[in-house]
Amino acid sequence: MTSTAVRVSDEVAAAVRERRPVVALESTIITHGLPRPRNAEVALEAEAALRDAGVVPATIGVVGGVATVGLSSDEITALAGDDGVDKVSLRDLPVVGALGRSGGTTVATTAFLAHRAGITVFATGGLGGVHHGASTTFDESADLTVLARTPVLVVSAGVKSILDVGATLERLETLNIPVLGYRTTRFPGFYVRDSGFGLLYSVDSPEQAVAVVRARDDLGLPQAVLLANPVGEHDQLPPDEHDAILAAAWAEVERAGISGNATTPFLLDHVRRATGDRSLEVNLAVYRGNVALAGQVAVASAG
Ligand code: PSU
Ligand code: MN
């Protein structure tokens with residue numbers, strides 16, 4: 001399926017057609033979430049890990065105005081090394097397309113494009129959500145409203161803990177997005193295993209997650225299913241340190257007057273500096289775990 005607006009690589013198109021396992025991967029984590037040169041390494045490593053598991057990776061991004069499902073390694077490397085690329089949420093997509101620009105796609109845009117290409121499973125680090133102070137700033141990620149009408153399964157370590165996690169869970173409820181803990185009834189806090197909030201449901205296997213997806217599809221419901229996968233016990237940031245760093249990070253956003261789509265990259269970078277790069281290692285462990293689980297879900301749902 002190729003139009004002038006969206007290009008699906010031959011490999012991904014064939015895998016979708018033949019109902020082989022495919023996992024979509026976002027690219028804002030590459031362009032705006034991780035520092036160079038780790039960003040390119042992480043992106044290529046995620047693809048390699050999926051291939052080793054018998055899954056076709058579909059990294060999604062925008063190259064010269066063309067929304068691309070299944071970027072080549074060269075395209076991934078080029079996006080990762082380019083300072084001038086945009087962060088492309090869904091409202092940006094038609095503009096970036098028309099102006100011939102390039103960019104990393106957020107969870108919102110990646111989910112939209114994955115679904116359009118027939119891909120049902122998607123891995124990210126942490127979703128966007130409701131920011132602290134949103135009751136006055138209205139800063140809530142478009143990830144939430146797009147997932148409310150995009151029937152994919154997203155594997156994520158909860159939402160980034162830089163967010164107002166409680167408010168984000170409330171919004172997920174309002175938007176009818178089911179949240180399944182993977183082998184836990186605690187909502188993960190991205191850098192830590194437990195955000196402090198509980199979950200109603202957990203699943204114990206990729207097959208159980210797929211059963212929920214099938215039930216959703218049988219009902220004709222349009223929402224994504226969120227599979228919340230906590231980082232490994234030994235990989236998390238020490239929870240006390242985590243809480244102190246977050247409080248400082250929010251104060252810094254206010255002091256520096258950061259707003260809009262710059263907020264998430266600013267907060268992630270603040271946490272990275274405050275932890276002497278350890279948060280980066282946690283971020284990578286989170287991402288690796290989510291990619292691996294998404295691969296298992298894709299395998300369980302294929303055929
Ligand atoms: N998780 C990460 N790093 C990131 C993001 C998530 O570990 O860079 C990105 C995702 O692409 C997500 C976006 O969709 O941040 C949310 O940005 P905003 O809050 O502006 O919607
Ligand atoms: Mn925002």
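User: What makes the side chain of Ser141 a polar contact of ligand 1?

Analyst: An N or O atom of that side chain is 2.6 Å from an oxygen atom of ligand 1. A polar contact is a pair of N or O atoms within 3.5 Å, so the Ser141 pair qualifies. Asp143 also has a polar side-chain atom 2.8 Å from an oxygen atom of the ligand. For Thr264 the value is 2.8 Å as well. The protein covers 95% of the 480 Å² of accessible area that ligand 1 has on its own (Shrake-Rupley method, 1.4 Å probe).

This is a predicted model: local features need pLDDT of at least 70, side-chain atom pairs need 80 or more, and totals for chains, interfaces and linings use all residues. Side-chain values use heavy atoms, without hydrogens and water; residues are numbered from 1 along each chain as its sequence is written, while chains are lettered from A and ligands numbered from 1 in written order.

User: How do you know which residues around ligand 1 come nearest?

Analyst: A residue counts as near if one of its heavy atoms lies within 4 Å. Of the 16 residues around ligand 1, Glu26, Lys87, Val107, Ser141 and Asp143 come nearest. By class, the shell has 4 nonpolar, 8 polar and 4 charged residues. Asp, Glu, Lys and Arg count as charged.

User: Which helices supply at least two residues of the shell around ligand 1, and what makes them helices?

Analyst: Helix H2 (28-33) and helix H12 (263-274) each do. Helices are DSSP runs of H or I with at least four residues, numbered from the N terminus. The largest share of the shell, 3 residues, comes from H2. Domain 1 (1-119) and domain 2 (120-303) each give the shell at least three residues. Those bounds come from an automatic or database domain assignment.

User: Why is the peptide bond that joins Arg36 and Pro37 called cis?

Analyst: Its omega is about 0°. Pro37 lies in the loop between H2 and helix H3 (38-52). Most peptide bonds are trans.

User: What makes phi of Phe190 worth a remark?

Analyst: Phi is near 65°, a positive value in a residue other than glycine. Most such residues have a negative phi. Phe190 lies in the loop between strand S10 (186-189) and strand S11 (192-198).

Technical notes: Polar contact = N/O pair within 3.5 Å; in protein donor to acceptor, adjacent residues only side chain to side chain.
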